[in-house]
Amino acid sequence: MPFYIINDNITNATTDIIVNSANHQPFIGEGVDLEIYTKAGPHLIEERKKIGDIPFGETRYTKAYGISKIKYIFHTVSPVYHETNEFFNIL
């Protein structure tokens with residue numbers, strides 16, 4: 001399977017699914033998260049609120065709503081890294 005790097009807004013992708021590095025609680029963050037929620041419209045945050053908290057390392061999915069070329073959004077909570085003098089800590 002070929003691998004492609006595309007320099008574009010993720011909401012312009014032509015694919016069935018995109019992955020959003022989500023907050024564990026249902027609120028709209030910054031950057032890519034904000035772009036996804038803005039383009040999808042208000043139904044996305046309403047569905048995300050129904051899901052509730054997503055535990056670290058787990059994934060939930062929603063419809064993509066107003067993002068016309070995408071069917072679903074996978075919301076996954078990734079680790080938060082904090083640099084120390086010795087190593088990286090995962091919280």
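This report covers a pocket, a group of aromatic rings and one threonine in a predicted model.

Residues are numbered from 1 along each chain as its sequence is written, and side-chain values use heavy atoms, with hydrogens and water left out. In this predicted model, local features need pLDDT of at least 70 and side-chain atom pairs count only at pLDDT 80 or more, while totals for chains, interfaces and linings use all residues.

**Pocket**

The largest pocket has a volume of about 240 Å³. A pocket here is an open set of points on a 1 Å grid over the protein atoms alone, where a 1.4 Å probe fits, with protein on both sides within 12 Å along at least five of seven lines. The volume is the space filled by probe spheres set on the points, which are joined across faces, edges and corners. Lining residues have an atom within 4 Å of a point. They are Y4, I5, I6, D8, N9, I10, N12, A13, T15 and I18. Six of these lining residues are nonpolar, three polar and one charged. Ala, Val, Leu, Ile, Met, Phe, Trp, Tyr, Cys and Pro count as nonpolar; Asp, Glu, Lys and Arg as charged; the others, Gly among them, as polar.

**Aromatic rings**

The structure holds two aromatic pairs. Rings of Phe, Tyr and Trp (its six-membered ring) pair if their centres lie within 6.5 Å; planes under 30 degrees apart count as stacked, over 60 as edge-to-face and the rest as tilted.

| Pair | Centre distance | Plane angle | Class |
|---|---|---|---|
| Y61 and Y72 | 5.6 Å | 85° | edge-to-face |
| Y61 and F74 | 6.2 Å | 50° | tilted |

Y61 lies in strand 2 (residues 59-63) and Y72 in strand 3 (residues 72-76), 11 residues apart. Strands are DSSP runs (E, at least two residues), numbered from the N terminus. F74 is also in strand 3, so its pair with Y61 ties together parts 13 residues apart in sequence. Ring pairs link Y61, Y72 and F74 into a cluster.

Y61 is exposed, at 53% relative accessible area. Y72 is partly exposed at 35%, as is F74 at 31%. Buried means under 20%, exposed over 50%, partly exposed in between (1.4 Å probe, protein chains only).

**T11**

T11 sits in the segment before strand 1 (17-21). T11 is buried, with a relative accessible area of 4%. Leaving out residues up to four places away in sequence, T11 touches E35, I36, K39, I67 and I70; contact means heavy atoms within 4.5 Å. The C-alpha atoms of T11 and I67 are 6.4 Å apart, although 56 residues separate them along the chain.

Conventions:
Helices (H or I, at least four residues) and strands (E, at least two) are DSSP runs, numbered from the N terminus.
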